[in-house]
Amino acid sequence: MKKYILSVLCSLMLLVGAAAAADTALFPAPYTGEDGVTRWGYLDENGAQQVGYFYAAAEPFNAYGFAVVRNAKGDTGVLDATGKTVIEPRESPRTVDFAQGVIAYRYSTQSVYFDSSGRETGTYEGAAGFFSNGLLRVQRGGRWGYINAKGELTIPARFVAAGDFVDGRALVKQEDGTYAVQYAAGTRAGLPAEPASLTIGHDGLIVLRDEEDYRLYSLNTGSYLTPAYDKIEVEDDGYVAVQKDKKWGILTQNGTVSVLPRYYYLSYMGEGAYAVRGAADASVEAIEGSGARIYRTDAYVGGFETFRFGQSWHGTMDGGVLFFNKNGVLSRQVSGASNPVILTANVARVTVNGAPRYIRLSDGKVLYAPVRAYTLDDGIQVTTKTYEKYLGMKDGVEYGWNVEYPQFSGMKDSAVQAELNTAIEGFFLDGPSVTAQTQPLTGSYGFAFVGRVLVVNAQAQIGQGVGATIWNDSIALDFSTGARYSVTGDLFLNKYEATVRAALPSDIPFYRYSYPRISADGVTFYVNHAQTEEDAPYSEAFKLSFDQLWPILNTKGACYAAITGAAHTEPQTVVQGTAMGFSDVPGGYWAQQYIERAAADGLMTGDGASFRPEDNILASEAVVTLARALSLPSGSAPGVSGVWYADAYGGAYEHGLLAGLDALRPNAALTRADAMQLFANAADADITLSADAARSVLSKFSDGLQIVPARRAAAAFCVDKGIFAGSGGKLRPNDTLTRAEFAKLLTTL
């Protein structure tokens with residue numbers, strides 16, 4: 001289905017060059033397309049777009065007038081203040097660092113340097129920091145030294161640790177553990193004590209420590225400037241913060257007391273200002289290093305962070321945000337706002353009612369409010385709903401569900417529209433699994449049309465921290481009829497597994513491939529990797545084309561017809577008759593489609609003229625049926641011979657299909673608990689649910705714990721995967737299954 005997006009998307013491919021750049025500062029803003037992918041561009045302080053939505057990520061401009069952007073491939077580039085690309089996207093470094101007129105891409109073994117125009121000026125192995133006094137700090141063989149612009153090691157790599165040069169000198173730690181001042185000319189001088197860091201501050205100031213005592217020291221005079229303090233912090237503003245007896249004060253650069261230690265909290269805000277809080281009341285102030293007050297408030301809720309473009313902020317008691325500038329002037333108060341981010345001297349992003357707003361501070365105008373809403377053909381509208389569910393507190397932080405999903409309006413067939421919306425809403429509100437109902441779930445959605453099939457996919461994360469994983473399942477719906485399609489149950493023929501296994505990488509266990517999703521040119525399977533201590537959760541995608549899948553496509557089915565755009569005809573009245581010639585399966589019988597599929601695939605044949613849908617299925621019949629579905633070779637099982645099912649039953653035994661079913665009697669009616677074990681075994685899954693996790697899943701049913709402990713993991717697996725579902729709060733593990741019910745279960749394979 002061809003789609004026409006809101007006019008804002010029409011600007012996706014517009015890039016206004018330097019000649020037409022805005023006169024005001026630029027800030028990054030996102031646009032999320034129908035596919036759920038968020039792309040970033042840049043707007044100016046009038047809300048006009050200056051850089052199109054090209055980037056997968058875009059940072060605000062920094063104090064040097066540059067912004068880091070990343071494309072869809074993960075490559076990293078740099079823009080200048082006009083929005084012009086100065087460094088074309090290239091392999092992403094670990095970090096991008098900036099100094100005045102210099103940009104550095106830091107890789108694991110080397111750094112690449114550029115000038116402000118984007119011209120590459122040099123690549124240096126093991127480099128850190130920036131050139132100063134013509135020297136750059138580098139690591140060689142586990143030791144630090146200094147090179148010149150030609151890459152020549154002018155000061156040998158002999159130091160255990162080293163700092164950057166400032167005004168012709170750097171602090172180094174020598175191999176014997178002592179510290180010294182290294183001069184650019186090559187000479188070296190000792191220090192009277194160990195420095196607190198290897199950073200040289202304003203006008204040659206450093207901090208030396210003797211056990212728990214800290215004193216300010218001047219490299220210019222070679223003398224101490226202060227008595228001992230509990231802590232000393234030097235900033236590049238000509239002032240020094242000191243702590244004595246748990247109270248903070250401020251000194252000048254020559255060690256003279258500017259503000260006596262009287263504050264219980266002090267934090268540098270940049271631009272020569274400090275945030276301070278005294279013990280007498282709950283007020284917070286921003287003061288100059290001289291002690292002069294810049295701004296004060298008695299109603300403080302977070303904030304007073306580092307000045308950015310001359311602006312800072314604090315939260316208010318009524319749940320808003322108040323911005324103030326370096327001169328102490330109130331820039332703007334925004335009620336009901338949270339999570340402020342200062343983007344330019346005149347633009348900030350805040351969250352209002354859970355949604356981002358980009359606000360101009362000079363007049364409070366909302367410049368941009370990204371909303372997921374789309375217009376499709378024939379005036380059909382797509383809006384976004386949010387589902388929130390509170391689950392509890394963890395480590396003092398609330399957690400729960402916050403999930404977005406789409407809803408459609410303006411369709412000609414209101415009944416189909418209602419069916420689509422109900423199915424989509426149910427899909428997102430049910431979530432990925434029963435176990436996920438008690439875990440944090442955060443995310444959004446994407447959607448696409450394949451023929452007349454609407455495919456809506458989740459783009460969410462389940463859980464937090466180590467063990468968190470991705471939920472990227474999808475729901476496929478016929479946009480003309482509202483019918484819901486399953487990849488494995490409707491698009492694929494029943495015996496699909498061998499073809500799919502052969503087409504996917506064999507080094508990944510087959511059960512790891514999940515959430516098959518229909519796309520315009522095939523079906524994508526996913527392998528989701530949980531978060532570890534080192535890596536965030538992520539997914540690997542493996543797309544199989546329709547050419548690869550051709551042998552197992554159900555080309556006569558409604559799903560294939562819908563994705564290929566075959567003409568849709570209105571539903572016809574069901575003609576009463578029989579299914580596949582079975583006299584006891586009348587047309588319209590609830591399991592007719594499942595029985596027909598099982599019979600067509602040769603899995604369940606009945607007695608010729610009858611299928612016996614309401615009869616209990618015997619364990620032997622169930623095992624033989626699954627052996628056929630899995631194309632298992634013949635085999636032998638202990639105590640089973642001379643009967644019609646011996647070969648298939650033996651093959652199931654040798655394949656492990658009967659694991660955990662030692663007490664199974666072939667000629668007894670199969671129970672639901674038996675079937676859960678069989679289907680878990682058939683999934684060939686490495687079920688690693690702990691006893692507690694399995695108990696948690698099954699305890700949601702009043703009779704779930706009737707299943708013996710040894711088989712609870714398999715049962716929980718089947719519930720989690722949607723193979724079995726209870727009713728009325730019961731799982732009914734000891735009930736028997738009919739042949740019709742078993743035919744339906746086969747569609748889950």
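I began with G400, whose place is in strand β42; strands here are DSSP runs of E with at least two residues, helices are runs of H or I with at least four residues, and both are numbered from the N terminus. I noted that the model is predicted, that local features need pLDDT of at least 70 and side-chain atom pairs pLDDT 80 or more, while totals for chains, interfaces and linings use all residues. Residues are numbered from 1 along each chain as its sequence is written, and side-chain values use heavy atoms, with hydrogens and water left out.

**Entry on G400**

I looked up the accessibility of G400 and found 14%, so G400 counts as buried (buried means under 20% relative accessible area, exposed over 50%, and partly exposed in between, with a 1.4 Å probe and protein chains only). Leaving aside neighbours within four places in sequence, I found G400 in contact with K389, L391, P440 and L441, where contact means heavy atoms within 4.5 Å. I also looked up the C-alpha atoms of G400 and D490, which are 90 residues apart along the chain and separated by 34 Å.

**Entry on helix α1**

I then checked the span of helix α1, residues 414–430: at 1.5 Å a residue its 17 residues should span 24 Å, and its end C-alpha atoms are 24 Å apart, which agrees. The expected span is 1.5 Å times one less than the number of residues.

Which residues of α1 are buried? I listed V416, Q417, L420, N421, I424, F427 and F428. Seen down the axis of α1, these buried residues fall within an arc of 130°, so they line one face of the helix; the arc is that of the directions from the helix axis to the C-beta atoms. As a reminder to myself, an α-helix has 3.6 residues a turn, so residues three or four places apart point the same way. The face turned away from the buried side of α1 carries the exposed residues S414, A415, T422 and D430.

I looked up what covers the buried residues of α1, and the cover includes β42 (397–409), β43 (441–450) and β44 (453–462), among others. At the start of α1, a side-chain oxygen of D413 reaches to within 3.1 Å of the backbone nitrogen of A415, and just after α1, G431 takes a positive phi of about 80°.

**Entry on loops**

I turned next to phi in residues other than glycine, having noted that most of these have a negative phi. E271, in the loop between β28 (265–270) and β29 (273–277), has a positive phi near 55°, and E271 is partly exposed, with a relative accessible area of 42%. D378, in the loop between β40 (374–375) and β41 (381–394), has a positive phi near 60°, and D378 counts as exposed at 66% relative accessibility.

Leaving aside neighbours within four places in sequence, N62 is in contact with F98, R308 and F309. The C-alpha atoms of N62 and K721, 659 residues apart along the chain, are separated by 48 Å.

Notes: Polar contact = N/O pair within 3.5 Å; in protein donor to acceptor, adjacent residues only side chain to side chain.
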